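Reader: Hi! Could you walk me through this protein model?
Author: Happy to, here it is.

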Amino acid sequence: MWKCEQVIGGALNVEEAAALYRASTLAERRPVEDTQRFTRMLAGANLVIVARDEDGRLIGISRSITDGAYSTYLSDLAVDSAYQGKGVGKDLIRATREAAPQAKLILLAAPAAVDYYPHVGFTAHHSAWTMDGPAARA
């Protein structure tokens, strides 16, 4: 079993979080090898929910930015591959919604997860747009 709880992103152990991102395959699309940038990612999120197993091992994370009233951007939902399909992701989403119940939950799905989100209540929105930062375009 596991337990979900809200934490301060900047207080997370960066190495432990990076190991989770690798174990979930999210590290393929996040700068976990750039420790300084990854640390800023964790610290900059104002709504972070983690899931830990009965031994205290980090097995999941929901990392979001929210105003608490209108929108919550769930930028990372990572679950250790060994725990996927057991409900950890659903619990992380539930806890995220409970932390900001009036806000609409918004996310961009990883290609491999596109089929997961409709099963947990999300609907596709076909007018979303993204723009890379200047450093990513160079």
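What follows is a chat about its strands, its cores and its surface.

Author: This is a predicted model, where local features need pLDDT of at least 70, side-chain atom pairs count only at pLDDT 80 or more, and totals for chains, interfaces and linings use all residues. Residues are numbered from 1 along each chain as its sequence is written, and side-chain values use heavy atoms, with hydrogens and water left out.

Reader: Thanks! Is strand 2 buried or exposed?
Author: Strand 2 is largely enclosed by the rest of the structure, because seven of its seven residues are buried. Buried means under 20% relative accessible area, exposed over 50%, and partly exposed in between (1.4 Å probe, protein chains only). Strands (E, at least two residues) and helices (H or I, at least four) are DSSP runs, numbered from the N terminus.

Reader: Which residues sit on each side of strand 2?
Author: Leu47, Ile49, Ala51 and Asp53 are on one side, with Val48, Val50 and Arg52 on the other. In a regular strand, side chains alternate between the two faces of the sheet.

Reader: And which strands is strand 2 joined to?
Author: Six bridges join strand 2 to strand 1 (residues 2-7), running antiparallel, and six bridges join strand 2 to strand 3 (residues 58-66), also antiparallel. Two strands pair if DSSP finds at least two bridges between them. Valine 50 is the bridge partner of glutamate 5, and in strand 3 valine 50 has isoleucine 61 as its partner.

Reader: What about the hairpin of strand 2 and strand 3, how many residues lie between them?
Author: Four residues lie between the two strands, and glycine 56 in the turn has a positive phi of about 90 degrees.

Reader: New topic: how many residues are in the largest nonpolar core?
Author: The largest core has 19 residues, and Val88 and Leu92 have the most contacts inside it. A nonpolar core is a set of buried Ala, Val, Leu, Ile, Met, Phe, Trp, Tyr and Cys residues joined through side-chain atoms within 4.5 Å.

Reader: Which elements give two or more residues to this core?
Author: Those are strand 2 (47-53), strand 4 (71-79) and helix 3 (88-99). Helix 3 gives the largest share, four residues. There is also a second, separate core of 18 residues, including Leu20 and Ala78.

Reader: Last one: where is threonine 25?
Author: Threonine 25 is in the loop between helix 1 (14-24) and helix 2 (35-44). Its phi is near 75 degrees, a positive value in a residue other than glycine. Most residues other than glycine have a negative phi.
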